[in-house]
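I opened this entry to look up a few local features. I start with a helix, then turn to a strand and its neighbours.

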Amino acid sequence: MHWNVADLPDQSGRTIVITGPTLGGLGHFTALELARRGARVVLAGRNPTKVEETVAAIRVEVPGASLEALHLDLASLASVRTAAANAAQIGPIDVLVNNAGVMGTAYSRTADGLELQMATNHFGPFLLTGLLLPQLVQSADGRVVSVSSMFHHVAGKSPLGDPREQTGRYNKWRVYAQTKLANLHLTAELDRRMREADLPVRALAAHPGFAGTHLAANGQYGRSRGGVASILDATVKVISQPAAAGAWPSLMAATEDLPGNTFVGPSGLQQMMGTPRIVGRSKLARDEAAAKKLWEISEATVDLQYP
Ligand SMILES: NC(=O)c1ccc[n+]([C@@H]2O[C@H](COP(=O)([O-])OP(=O)(O)OC[C@H]3O[C@@H](n4cnc5c(N)ncnc54)[C@H](OP(=O)(O)O)[C@@H]3O)[C@@H](O)[C@H]2O)c1
């Protein structure tokens, strides 16, 4: 099945929360296309100025867009809890797109004692998903889309150790890969739990292939503009597909009638670019016992059990 952005159905009446909506990234283009089709889009970002930049850019293309901002720092469990409390006024949520992420950051720990990549890419989204679950259920056909990566293939193993302990040398690329494997474990286990509890929520995953966003520059330099960061950002844009195309798998996963636990990625060479289709995943990502174990570790880590 090949999907095209022109296939995106009318989204009027649907409320979609997207994390990480910074201008030029996948979240921005995911929000833009959904707003174009009439969705009410909630842009959940950690930097209010950046979120306003994206709101302004979308309004240029879609003057009547229904856009709201939500402050959210996924690297802080307290911030996630505050954001979820503020999100209560949104009402039923049709789709939560867990898009925000960091890649290849130097070793650091958050105020919660968690390694930064695991905190941002997995534990924050795990907590956010659990806290927004009642609103996803209220929509009667809720969906959680996790943005993973082809990097999950090089994770080596699932991240099942004590998340507050560093054992061995920190390999920033290996840890990033493990966070993207964690996105697939979350998808599989969330979807399984939803069916077991007979709740009307599906979990799906998407990956963008290789898309020209700010991910590499942000990870290496903590910014996407200025000096070497601008050079790396520009280089990535030259050798990758446009960020707008990178958002297509997320859009397909968010809107197409697909079974739970479907993984969507580009159909081109090595899944690096092109129109989206359903794709496979690594053997590790199909390990149901690892997904269950990571879920239990995550519940203990963020101090929330769900469903
Ligand atoms: N681009 C690719 O080729 C590629 C490939 C595979 C997977 N992905 C995945 O795609 C997703 C989107 O990344 P992107 O490529 O669009 O990169 P991006 O342009 O760097 O966007 C990442 C977004 O995440 C936000 N973010 C980072 N840390 C956060 C935090 N602590 N709390 C809240 N938001 C935070 C960033 O906000 P700030 O602007 O404030 O930093 C930004 O909005 C990520 O999950 C990434 O792993 C991308």
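**Helix α5**

I looked up the cover of α5 first: 19 of its 25 residues are buried, so I noted the helix as mostly covered. Buried means under 20% relative accessible area, exposed over 50%, partly exposed in between, with a 1.4 Å probe and protein chains only. Helices (H or I, at least four residues) and strands (E, at least two) are DSSP runs, numbered from the N terminus. This is a predicted model, where local features need pLDDT of at least 70, side-chain atom pairs count only at pLDDT 80 or more, and totals for chains, interfaces and linings use all residues. Residues are numbered from 1 along each chain as its sequence is written, and side-chain values use heavy atoms, with hydrogens and water left out.

I checked the length of α5 (residues 172-196) next. At 1.5 Å a residue it should span 36 Å, and its end C-alpha atoms are 36 Å apart, which agrees. The expected span is 1.5 Å times one less than the number of residues.

Then I looked at both ends. At the start, a side-chain oxygen of Asn171 comes to within 3.0 Å of the backbone nitrogen of Trp173. After α5 comes Asp198, with a positive phi near 55°.

**Strand β4**

I moved to β4 (residues 95-98). Val95 and Val97 on one side are buried, and so are Leu96 and Asn98 on the other.

Which strands pair with β4? β1 (residues 15-19) does, parallel, over 3 bridges, and Ile18 stands opposite Val97. β5 (residues 142-147) also runs parallel to β4, joined by 4 bridges. There, Ser146 is the bridge partner of Asn98. Two strands pair if DSSP finds at least two bridges between them.

Conventions
Polar contact = N/O pair within 3.5 Å; in protein donor to acceptor, adjacent residues only side chain to side chain.
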